[in-house]
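Here is a short briefing on a protein structure. Keep the model open while you read, and find each part as it is named.

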Amino acid sequence: MILEKDVVVIGAGPAGLAASIEAAKAGAGVLLVDLNLKAGGQLFKQIHKFFGSRAHYSGTRGYDIGRKLVREAESLKVDVWLQSTAVGVFPGNKVGIERILDGGVKKLYTVHGKAVIIATGASENAVCFKGWTRPGVMGAGAAQTMVNVNHVRPGKKIVMLGSGNVGLIVSYQLMQAGCDVLALVEAAPKIGGYAVHAAKISRAGVPIITSHTIVEALGDEKGTVRGAVIAKVDSHFQPISGTERTIECDTIAIAAGLRPVVDLTRLMNCASVFEPVFGGFIPLHNTDMETSVKGIYVAGDSTGVEEASVAMEEGRIAGTAAAQSLGYLSAAEAGKTKKLLWERVNSLRSGPFGERRLTAEKNLLEHFREEIREPQPEIMIGGLAHGAD
Amino acid sequence: MIYDVTVIGAGAIGTSVAYHLCKKGFSVALIDRGDIASGSSSHCDAVALISDKAPGLDTKMGDASIRHYRELAESFSYDFEYDRKGCLYVCETEEELAAASSYAKRQAADGYDMKIVDAKTMREMEPYLADDLLGGIWTPGDIAVCPYKVCFAFVEEGKKLGLKVYPYTHISRIRLSANRMVEAVETDAGDILTKRVINCAGVWAPDVGKLVGLDIPIQPRKGMNLISEQTKRIVWHKVMEFGYMMSKFESINFRRNVSSLVEEYNVAFNIEYTKADNILLGGYRGFRGFDVRSELEAMQAIAERGIRFYPCLKGINCIRSYAGVRPYVKDHLPVVSAVDEVPGFYIAAGHEGDGICLSPITGKLMAQLVAGETTDFDIRRLRFSRFTEAQRTA
């Protein structure tokens, strides 16, 4: 049996929640699915206050924004399916959803969405040094989830690899949770993230060792991490033999950036490009956040890794455009909203990092206008090709 | 230099044809617009069977090919995972068992090692099979191979004999001389001068045919499989339902007691283990153009049919599904033939689901054809001219 919905939103992080809220507000029936126990995505581990303007929840902590969005979605009667994994998007905008029901029983549903908004976020990049699969080596994001969401320390003595904002902030939060951060190792000659975050952890006495990398995770008799071997790197980021030294630790956290999760848009053959500024391969989209395939929208990190505030605005644009395409909003109403939202997105893309993203986004939109022009309808299936049989 | 032969398409058929031509001493270029085995030959299942062939030429070619696989496995240094796992066809009803018996009898009379096994023997061979099945056909000589490794094996062994490979090379034109003889293949890597061209492009063979003004009636037919997580061994042979015959030869028409979903997607159960301990579960065939995206309902239908025969599959996770297109010809026979209208142009394509099975024998026969030798057996029924003759009679 196939269930029918106006809009199916995949991923209940900031982008997916915002998209659901906008579409539901306009009157569309929305199904929001997420594989986790709770909606809110990464917002619930963001215990710090947001920067920026009032419109972007400045001064509010991430988890409070998450709570607010979840409440709003619930009050708008968004149908939220948790512990539900979108296993694929199939020809004809059909979303396969494996849902865990009471008692742990798994059931597969097929939901046809007149519009499908893909907001699957990002995943962490790995660094493949010797021993990188040992228990005790993990992504910095995973370590953050452990302390901030599950209130479990990943270990006692931690070495962090990568000094971008994630590496810096998570190091600080691990210390707040009672872990000992022994060193922050950075392959580049200088710190990647904001000076304000770096200063905080330097003041707390954590050495930030630049121009170094981890070459090996040492294991104890059970194979669990007992130390990190670090070495100095040359100007091509190659470890220099003879400079190795060992830091005894039980956990290695890797903060080597994020990449968009694009499996679902790839399944739908959405046109994609490689854009390092946004973290890798991403689906192209127009100013409605619609991909090259008609009715398939994207929002948030799955279309380029940025901040939660950008993800929310992109979600709102996608939700508004999807509602408009289904006739819930007039072109004039939707146009006004989308214009305002794009202005807000662009205002978030300022500063040296933001400028690069602003330029990259402009190029991507132009690429779409010139090469894709209009989102194309689904490849027709069901009919016999060339009249066979 | 001028090549003796240029083979277009580096799948199971093209690589075998190229290898067998090298073996005969021809200078050979092998071209593909992608990598080796990047089309149907890496989006299929992994068996070579005689037990799914129609009696007669079909079985004869299958048998010769399987024998040839064995020789190749022994002589090649490249391992393509030759595995003589045997094939078991299982029957659900008395009616199926009766049809299976007469089929097996006919094949045995032709000299093939094929026999009926009763329910008890079958369950000893495959203890996880559903316990209500009545019996089946056992063909011990049927084999499995890794399809893409077969292609790589032919290429690597061919290279030892001087084979030149042009991957990621796009053809813009096939140049003919004034008297319509093949002269050169024009590509984005430059002109390849050649005396002959062999079109081994499978489902894409019609595109290559167009370059010399031919209309080759091959159509893409989609096939889909599921892959399970790695699991303990629950299956020891290739196992299929006798109803599989139905989806292959529409002429044999059994009414199966199946759900509307299984019926709609024309799903026929078949299962095999892989070397990596995953299970490959099939299958469905349908006409969807070149769209190889997985279809959720087809996946569900395949799983449903699989669980009917192996109830324990219910507790095993599916980790992936994949689909590919098979080169379908309406009369279910491949084309292995010269083309009278264009001297020097040959076709070896249209094997539908039998390309992996018939790869070695097709290469051998084509090399004999090109060398002007007598072919191992009469392949007049595989001639390209059968289509134009059929048109004329119509």
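Which side chain meets that of D354(B) in a salt bridge? The partner is K53(B), with 3.2 Å from N to O. This is a predicted model, so treat every value as computed from it.

- Chain A holds nine helices and 19 strands.
- Its radius of gyration is 22 Å, close to the 21 Å that the globule rule gives for 389 residues, so chain A is as compact as a globular protein of that length.
- Along the principal axes, the C-alpha atoms of chain A fill a box of roughly 65 × 45 × 45 Å.
- Of the 389 residues in chain A, 50% are buried.
- Take the contacts in chain A between residues at least 6 apart in sequence: 60% of them join residues at least 24 apart.
- Chain A exposes about 18000 Å², and carbon and sulfur atoms supply 53% of that area.
- The chain carries 42 positive and 39 negative side chains. The centres of these two sets lie 6 Å apart.

- Chain B has 11 helices and 18 strands.
- For chain B the radius of gyration is 21 Å, close to the 21 Å given by the globule rule for 394 residues, so this chain is as compact as a globular protein of that length.
- The C-alpha trace of chain B spans about 65 × 45 × 40 Å along its principal axes.
- Buried residues make up 61% of the 394 residues in chain B.
- Among contacts in chain B with a separation of 6 or more, 75% come from residues 24 or more positions apart.
- The accessible surface of chain B is about 15700 Å², and 50% of it belongs to carbon and sulfur atoms.
- Chain B has 48 positive and 52 negative side chains, with the centres of the two sets 2 Å apart.

**Salt bridges in chain A**

- Over all chains, the count comes to 46 salt bridges.
- One of them joins the side chains of R316(A) and E22(A), at 4.0 Å from N to O.
- This pair links distant parts of the chain, 294 residues apart. R316(A) sits in helix 7 (residues 308-325), and E22(A) sits in helix 1 (residues 14-25).
- R316(A) has a relative accessible area of 11%, so it is buried.
- E22(A) also counts as buried, because its relative accessibility is 14%.

**Salt bridges in chain B**

- Return to D354(B) and K53(B), whose side chains meet at 3.2 Å. They are 301 residues apart and link distant parts of the chain.
- D354(B) lies in the loop between strand 18 (345-349) and helix 10 (355-371).
- K53(B) lies in the loop between strand 3 (47-48) and helix 2 (57-75).
- D354(B) counts as buried, because its relative accessibility is 8%.
- K53(B) is buried too, with a relative accessible area of 0%.
- Another salt bridge joins the side chains of R288(B) and E295(B), at 3.2 Å from N to O.
- Are these two residues buried or exposed? R288(B) is buried at 13% relative accessible area, and E295(B) is buried at 3%.

Terms used. Residues numbered from 1 in each chain as written. Chains lettered and ligands numbered in written order. Predicted model: local features only at pLDDT ≥ 70, side-chain atom pairs only at ≥ 80, totals over all residues. Heavy atoms only, no water. Helix = DSSP H or I, 4+ residues; strand = E, 2+ residues; numbered from the N terminus. Rg over C-alpha atoms; globule rule 2.2 N^0.38 Å. Buried < 20%, exposed > 50% of the residue type's maximum accessible area, 1.4 Å probe, protein only. Contact = heavy atoms within 4.5 Å. Areas by Shrake-Rupley, 256 points an atom, 1.4 Å probe, with all protein chains shown as cover. Lys, Arg positive; Asp, Glu negative; His and termini not counted. Charge placed at Lys NZ, Arg CZ, Asp CG, Glu CD.
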